[in-house]
Amino acid sequence: MNELSNIKSKVLAEQVQEQIYQFILDHSYGIGMKLPNEFELADRFGVGRSTIREAVKLLISRGILEVRRGSGTYVVSTTPTDMDPLGLLRFEDKMGLALDLANVRMMLEPGIAEMAALNATDEDIEKLRAACDLVERQILQGESYIREDIAFHTCVAECSRNKVVEQLIPIIDTAVLVFVNVTHMSLLDETIRTHRAVVNAIADHDSIGARAAMMMHMTYNRDQIRNLMKNQEK
């Protein structure tokens, strides 16, 4: 019975740590910002303080939170270490990193979309449409769409049915997360339009159209980063 109870507690803590992470993203908690205390978090998520403590430990192990004795719990990263396999987030110049990632994405993702159009099954396409719908719904509701955006690009990569591309998914995921955090989710209409164009081309098995649509999506992203960098220089 105790073993079953421990398993349930562990599962609950894992669920709550995901909820806390989503709370951090949804409420734009930046690096260095302090989270509400245990009592407030326990009340918000409807669990006991012990579950909150376990959830916080999990987020500490993922490089998201840091507990400062006598001060509180602080955000030290918005990207889990398990989503940053190359350790890219150690670079302090996040805007420069975002531009470098955008350049790499422009080399990779149009080709991945082209492969997806050639190899996607009906089941893959149905899953991709659902992922696209989720991003659009979050945007139209004015909610954070970081996770949904990551899931969409992951789905495109999976549709390629290429074993090597599958290994690149964590890098693509990191790039999406860095971009959305840097631009503060500013390309809303463009994201909806270009995501839909990518999906439609893949569904039609139009490889050239899929490449072009993804290139357009990447171009919007890269131009936005360059504009932000120019504004910082003024």
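The side chain of Glu38 makes a polar contact with that of Arg49 at 3.1 Å, and a further polar contact, of 3.0 Å, joins the side chains of Glu38 and Arg53; such a contact is a pair of N or O atoms within 3.5 Å, one able to donate a hydrogen and the other to accept it, with residues adjacent in sequence counted only if both atoms are side-chain atoms. This is a predicted model, in which local features need pLDDT of at least 70 and side-chain atom pairs count only at pLDDT 80 or more, while totals for chains, interfaces and linings use all residues. Residues are numbered from 1 along each chain as its sequence is written, and side-chain values use heavy atoms, without hydrogens and water.

Glu38 belongs to helix H2 (residues 38–45), helices being DSSP runs of H or I with at least four residues, numbered from the N terminus. Although Glu38 and Arg53 are 15 residues apart in sequence, their C-alpha atoms are 7.5 Å apart in space.

Gln17, in helix H1 (residues 2–26), counts as buried because its relative accessibility is 8%, where buried means under 20% relative accessible area with a 1.4 Å probe and protein chains only.

The axes of helix H6 (residues 146–159) and helix H7 (residues 163–183) come within 9 Å and cross at roughly 150°, the axes being lines fitted to C-alpha atoms over the stretch in contact and the angles running from 0 to 180 degrees between N-to-C directions. H6 and H7 are therefore roughly antiparallel, a term for angles over 145 degrees.

Conventions:
Helix = DSSP H or I, 4+ residues; strand = E, 2+ residues; numbered from the N terminus. Buried < 20%, exposed > 50% of the residue type's maximum accessible area, 1.4 Å probe, protein only. Parallel < 35°, antiparallel > 145°, perpendicular 65-115°, else oblique.
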